[in-house]
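User: Hi! Could you help me look at how the chains in this model meet?
Analyst: Happy to, let's open it up.
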Protein chains: 2
Amino acid sequence: MKPVNLLKKADSIDKLYVYEKVGRLNGNVLSVVNVENRTLDFHVHENSDEMFYVIEGGFELETDEGLIPVAKGEFIIVPKGTRHRPVVKALSKFLMIELDGTLNKENSGELYEE
Amino acid sequence: MKPVNLLKKADSIDKLYVYEKVGRLNGNVLSVVNVENRTLDFHVHENSDEMFYVIEGGFELETDEGLIPVAKGEFIIVPKGTRHRPVVKALSKFLMIELDGTLNKENSGELYEE
């Protein structure tokens, strides 16, 4: 049981699009990932809500209703079953929380590592 | 579905020790609370892990192994079944995540509001 500094953890990851697990919480996995200039395909998580917290930078979450800007220091929760995709331009650093087993190459922007 | 700015949300709460719900994630509740100069009694959450994220300030998490300092920008997860208590001196602002129904007057430092 020890504290994790989100920004230091993100800064310590030297690759983009690699999800580093930083904790587990009631069946959910917390991971930190750095992303730049990437738009994922639209997808749905049938079984898990998904939380994006912006440690640094910012992005737009696109749903069927349009684009939602999410800035540094903000989080947004995508309810399960909601069609969505993240649109990331400038380098941004995220804490992600979702049920274990939710992320994979098809919906995470690649390079998902255990 | 809209973004929540953690610091703005904490700053908008004008009372101490009041947990304001800011989201739900896979059966967990996210809440923001401001705390100053308060040490809770030791307690155990039998059914839920508990996450403390420090938005502003800092605190010490006390367990049977001693005191763990947790600073601004850091989170710590207390696994379920772990005897613990938060020790807060200076005004601090927290995002808390735990299973719905976990927090109550006996373990949250009072004033838990729906």
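User: Let's start with one spot: which residue does Asn5(A) stand opposite in strand 8 of chain B?
Analyst: Asn5(A) faces Glu74(B) there. Keep in mind that this is a predicted model.
User: Nice. How many bridges join strand 1 of chain A to strand 8 of chain B, and do they run parallel or antiparallel?
Analyst: There are 2 bridges, and the strands run antiparallel. Strand 8 of chain B covers residues 74–78.
User: Zooming out, how many residues does the contact take from each chain?
Analyst: It takes 26 residues from chain A and 26 residues from chain B.
User: And which elements of chain A give two or more residues to the side that touches chain B?
Analyst: They are strand 1 (4–5), helix 1 (6–12), strand 2 (20–25), strand 7 (66–71), strand 8 (74–78) and strand 10 (92–99) of chain A. The largest share, 5 residues, comes from strand 8 of chain A.
User: Switching to symmetry: what rotation superposes chain A on chain B?
Analyst: A rotation of 180°, with 0.0 Å of shift along its axis, and the RMSD is 0.0 Å. That is the relation of a two-fold axis.
User: Which C-alpha in chain A is nearest the axis?
Analyst: That of Asn26(A), which is 4.5 Å from the axis.
User: Last one: what percentage of the contact residues of chain A recur in chain B?
Analyst: 100% of them do, and the same surface serves both copies.

Terms used:
Residues are numbered from 1 along each chain as its sequence is written. Chains are lettered from A and ligands numbered from 1 in the order in which they are written. This is a predicted model: local features need pLDDT of at least 70, side-chain atom pairs count only at pLDDT 80 or more; totals for chains, interfaces and linings use all residues. Two residues are in contact if their C-beta atoms, placed from the backbone, lie within 7 Å. Helices (H or I, at least four residues) and strands (E, at least two) are DSSP runs, numbered from the N terminus. Two strands pair if DSSP finds at least two bridges between them. Copies are superposed by least squares on the C-alpha atoms of residues with pLDDT of at least 70 in both.
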